[in-house]
Amino acid sequence: MAEGDNHSTNLLAVETANLEQQLQGWGEVMLMTDKVLRWERAWFPSAIKGVVSLLFLRIIYYLDPSVLSGVSCLVMFLCLADYLVPILAARIFGSNKWATEQQQRFHEICSNLVKTRRRAVGWWKRLFTLKEEKPKTYFMNTISSLEAVAWVGQQVRNLLLTYLIVTFVLLLPGLNQHGIISKNIGMAKMEINKLLKQKEKKNDLCICLTCSG
């Protein structure tokens with residue numbers, strides 16, 4: 001067991017080091033983006049929502065591109081960013097060495113990205129394992145999930161739904177960093193427990209009344 005844990009830890013360290021090397025040109029940009037997404041200043045959430053709203057309102061809503069055009073423009077933008085960002089970052093920020101804190105944070109970001117990728121691959125493998133071991137359960141869960149997604153897509157306009165998803169994804173790191181998600185989940189659990197206890201009391205009362213009658 002210990003050998004397996006050590007192997008997994010070493011593999012994680014190797015993958016993280018490789019990713020750090022690949023993203024070295026994006027380092028400064030990633031650190032700045034990380035500060036914004038984690039809401040290091042109080043006005044960052046408003047800035048995120050404002051930029052996303054402006055993007056959807058001015059560009060996507062008015063231009064109204066087709067799906068193919070939108071995907072092509074997105075891929076083109078990513079290709080340009082992949083080429084230009086390392087060059088511009090080197091000219092803007094120079095070759096200044098990072099402080100220990102910056103280097104550590106960059107390492108944590110890359111490590112989190114590797115863990116997220118591993119988690120996604122793990123879920124994908126579990127899905128195929130479920131398909132092989134319990135095909136009926138896999139079929140029912142898949143159909144139910146796709147039906148729910150199709151219903152939501154039918155009720156909400158594509159542009160609005162995309163806007164809500166993008167906004168939520170960009171706000172998610174800050175929500176998690178400030179404990180807002182865990183706080184709301186805890187409150188929801190408390191309310192559910194209260195409802196269950198009230199239901200149990202009503203059932204006990206009904207049983208008592210039945211027995212006395």
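**Helix packing in a predicted model**

Colleague: At what angle do helix H3 and helix H7 pack, and how far apart are their axes?

Modeller: This is a predicted model, in which local features need pLDDT of at least 70, side-chain atom pairs count only at pLDDT 80 or more, and totals for chains, interfaces and linings use all residues. Residues are numbered from 1 along each chain as its sequence is written, and side-chain values use heavy atoms, with hydrogens and water left out. Helices are DSSP runs (H or I, at least four residues) numbered from the N terminus, and axes are lines fitted to C-alpha atoms over the stretch in contact, with angles from 0 to 180 degrees between N-to-C directions. For H3 (residues 44-63) and H7 (residues 158-177) the angle is about 155° and the axes are 10 Å apart.

Colleague: How is H3 oriented relative to H7?

Modeller: The packing angle of the pair is about 155°. Angles over 145 degrees count as roughly antiparallel, so H3 and H7 are roughly antiparallel.

Colleague: Which residues of H7 meet H3?

Modeller: Contact means heavy atoms within 4.5 Å. From H3 the contact takes in Pro45, Ile48, Lys49, Val52, Ser53, Phe56, Ile60 and Tyr61. Their partners in H7 are Leu159, Thr162, Tyr163, Val166, Thr167, Leu170 and Leu171.

Colleague: What is the orientation of H5 and H6 to each other?

Modeller: The axes of H5 (residues 100-133) and H6 (residues 135-155) come within 5 Å and cross at roughly 125°. Angles under 35, over 145 or from 65 to 115 degrees have other names, and the rest count as oblique. H5 and H6 are therefore oblique.

Note on methods. Helix = DSSP H or I, 4+ residues; strand = E, 2+ residues; numbered from the N terminus.
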